[in-house]
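Let's take a walk through this one together. Keep the structure open beside you and follow along as we go.

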Amino acid sequence: MNPIDSRIHQALDGEIPREALPPELRRVVERLESTAALLAAAPEGRSVADRVLARLHRQARSPVRRLARWLTAPHPVTLRIRPVWSLALAATLVLLTLLPEERSALVLGEHEGIAQFVARFPGAHSVQVVGSFNDWRTGTIPLEDRDGDGVWRAVVVLPAGAHEYMFVVDDERWVPDYSSNRFVEDDFGRENSVLIVQPVKG
Amino acid sequence: MDVREGPSDAEMVARVLGGDREAFGLIVRRYESGLLRFATRVLGGRDAAADAVAESLVRAYRHLASCRDPTRLRTWLYRIVANRCKSHLARRATGDVSLDDAPPIADPADNEAALERVEQLALVEQALATLSPDKREAFVLKHVEGMSYQEMAAVTGERIPTLKMRVHRAREALLKALEERS
């Protein structure tokens, strides 16, 4: 490759006016510019808008996705209970309340494990975790800081395997978990933390 | 910068995040022609470019909440497409560009100038295809998409001096390839 006169680069980068170039260098600048103009003006093919929107509609209509969304997104639920069932419900609630704490612990499936997220964000108003396990959606796994010491925690059951995740602080700042040992760069140029969940029942 | 009509990028992003899926159609229509042009030049084929852009836009929709600065939506979208193109090129055995679909064919009714333009475009596309993927990407972002080096840094994740060097080398390689073909 033959290096070209540095003034050509300077003119193309707007560092010097092209009028300052001798005619032979100006011709090279014009050649490169006309090449770029040709590439810019060429037809770029068919629109993909319909294809993209159809795929989004299909995703939205998927019954599995709708069920997953319903189960993970917070929403108000109204229960109408027949009088005859209300006594049974009250008795069940009393039983659940009286059960020892261990009994109400997380229930694990065969290929699931417990993930504990701990992060220090002093002064934050809210912290949540998003990742490949909740489709990177906010509003599904909040962390708690009950004693107000700036250390936020959440314990959740996740499928065994590797999961990418980040913390979302105050609904706007996306921050990787710097205490994680593993990171991976995503398509958006960020470093996601990686968590390996081991199955409890191996 | 180009002057646009309609809602701002930040407004459109807010509408989509508020549940208005149709607003994403506005985003797609605003940026798809530039994204398709960019991907076509980098990948060297319109079919592969359409696949890369469509996949990228679906991913962008699903991750839109992570677009931390919606005023920079354009560079964020280009970044996703650029990464998708890199993955696509890495999957190819040789990494070189194959012109997997024919260049535009001039209509017989077109005049002589149009025919000449098609021939010139084919020549330029072949010359561009001889550049390495990094140089091709740098040249297209700078001179075809008209980005500043700052915007290119946001798209590629590279440092500005690195990008400047790449653009310089790309210009030199492209001129050489054009000379060889003329």
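Which residues in helix 7 of chain B meet which residues in helix 8 of chain B? On the helix 7 side they are Tyr149(B), Met152(B), Ala153(B) and Thr156(B), and on the helix 8 side they are Ile160(B), Leu163(B) and Lys164(B). Sorted by class, the residues of this contact come out as 5 nonpolar, 1 polar and 1 charged. Before going further, keep in mind that you're looking at a predicted model.

Now look at how those two helices are set against each other. Helix 7 covers residues 149-156 of chain B and helix 8 covers residues 160-181, and their axes come within 9 Å of each other. They cross at roughly 105°, and with angles of 65 to 115 degrees counting as roughly perpendicular, that is why helix 7 of chain B and helix 8 of chain B are described as roughly perpendicular to each other.

Stay with helix 8 of chain B for a moment. This helix has 22 residues and spans 31 Å from its first C-alpha to its last, close to the 32 Å you'd expect at 1.5 Å a residue. Several of its residues are buried: Leu163(B), Arg166(B), Val167(B), His168(B), Ala170(B), Arg171(B), Ala173(B) and Leu174(B).

Helix 5 of chain B, residues 112-129, is where you'll find Leu123(B). This leucine has 17 C-beta neighbours inside 10 Å, so it counts as partly exposed. In sequence Leu123(B) is 58 residues from Arg181(B), yet in space the two are 7.2 Å apart, C-alpha to C-alpha.

Because 10 of its 12 residues are buried, helix 6 of chain B is largely enclosed by the rest of the structure. The buried run goes Lys135(B), Arg136(B), Glu137(B), Ala138(B), Phe139(B), Val140(B), Leu141(B), Lys142(B), His143(B) and Val144(B). Who are the packing partners of these buried residues? From chain B they are helix 2, helix 4, helix 5, helix 7 and helix 8, and from chain A there is helix 2. Just past the end of helix 6 of chain B, Gly146(B) takes a positive phi of about 65°.

Chain A has turned up a couple of times now, so let's see how the two chains touch. In total, 33 residues of chain A are in contact with 46 residues of chain B. On the chain A side, the elements that give two or more residues are helix 2 (23-41) and helix 3 (49-61). By class, that side has 20 nonpolar, 7 polar and 6 charged residues.

Time to look at chain A itself. The chain has 5 helices and 7 strands, and along the sequence they follow the pattern α-α-α-α-α-β-β-β-β-β-β-β. Of its 202 residues, 18% count as buried. If you take the contacts in chain A between residues at least 6 apart in sequence, 56% join residues at least 24 apart.

Strand 7 of chain A pairs in turn with strand 6 (residues 182-185), antiparallel over 4 bridges, with Glu185(A) standing opposite Glu191(A).

Finally, follow strand 4 of chain A to its end. Strand 4 is joined by 3 bridges to strand 5 (residues 173-175), running antiparallel, and Val169(A) stands opposite Arg173(A). The two strands form a hairpin with 3 residues between them. In that turn sits Asp170(A), with a positive phi of about 55° although it is not a glycine. Is Asp170(A) buried or exposed? It has 12 C-beta neighbours inside 10 Å, so Asp170(A) counts as exposed.

Note on methods. Residues are numbered from 1 along each chain as its sequence is written. Chains are lettered from A and ligands numbered from 1 in the order in which they are written. This is a predicted model: local features need pLDDT of at least 70, side-chain atom pairs count only at pLDDT 80 or more; totals for chains, interfaces and linings use all residues. Axes are lines fitted to C-alpha atoms, for helices over the stretch in contact, and angles run from 0 to 180 degrees between N-to-C directions. Angles under 35 degrees count as roughly parallel, over 145 as roughly antiparallel, 65 to 115 as roughly perpendicular and the rest as oblique. Two residues are in contact if their C-beta atoms, placed from the backbone, lie within 7 Å. Ala, Val, Leu, Ile, Met, Phe, Trp, Tyr, Cys and Pro count as nonpolar, Asp, Glu, Lys and Arg as charged, and the others, Gly among them, as polar. A residue is buried if 20 or more other C-beta atoms lie within 10 Å of its own, exposed if 12 or fewer, and partly exposed in between; C-beta atoms are placed from the backbone. Two strands pair if DSSP finds at least two bridges between them. The expected span of a helix is 1.5 Å times one less than its number of residues.
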